[in-house]
Amino acid sequence: MANGPPDSPAISVIVYEARCCGSGNCALTAPNVFDQRDDDGVVVVLDPAPPPSQHGLVREAVGRCPTSALGIVER
Ligand code: SF4
């Protein structure tokens, strides 16, 4: 399994649920970290503190969110 660099900071995933329009970009880009509710498609965070191996995909997913509903906090 690929890992991030040793000095890679831990991250927390932040969701502004009210902004989510259910486009699904995040779940397609990082399916280990994001899913969508069955009834309305709103994002669900599966792993709010993903391991370094997921950080690249999470950053990509944040960048692909059309409504800026996702964020990252470095810890
Ligand atoms: S990419 Fe953004 S708008 Fe689309 S489902 Fe994910 S959080 Fe919601």
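Predicted model: local features only at pLDDT ≥ 70, side-chain atom pairs only at ≥ 80, totals over all residues.
**View 1. Helix H2, residues 52-64.** Follow H2 along its 13 residues: from first C-alpha to last it reaches 19 Å, close to the 18 Å expected at 1.5 Å a residue. Its buried residues are His55, Val58, Ala61 and Val62. Seen down the axis of H2, the buried residues fall within an arc of 130°, so they line one face of the helix.

**View 2. What the buried residues of H2 pack against.** Two of the partners are strand S1 (11-15) and helix H1 (25-29). Strand S2 (34-36) and strand S4 (70-74) are also packed against by the buried residues of H2.

**View 3. The protein chain as a setting for the close-ups.** The chain has 2 helices and 4 strands, and its elements run β-α-β-β-α-β from the N terminus on. With a radius of gyration of 12 Å, close to the 11 Å that the globule rule gives for 75 residues, the protein chain is as compact as a globular protein of that length. Its C-alpha trace spans about 40 × 20 × 15 Å along the principal axes. Of the 75 residues, 23% count as buried. Among contacts with a separation of 6 or more, 63% come from residues 24 or more positions apart.

Note on methods
Residues numbered from 1 in each chain as written. Expected span 1.5 Å × (residues − 1). Buried ≥ 20, exposed ≤ 12 C-beta atoms within 10 Å, placed from the backbone. Arc of directions from axis to C-beta. Contact = placed C-beta atoms within 7 Å. Rg over C-alpha atoms; globule rule 2.2 N^0.38 Å.
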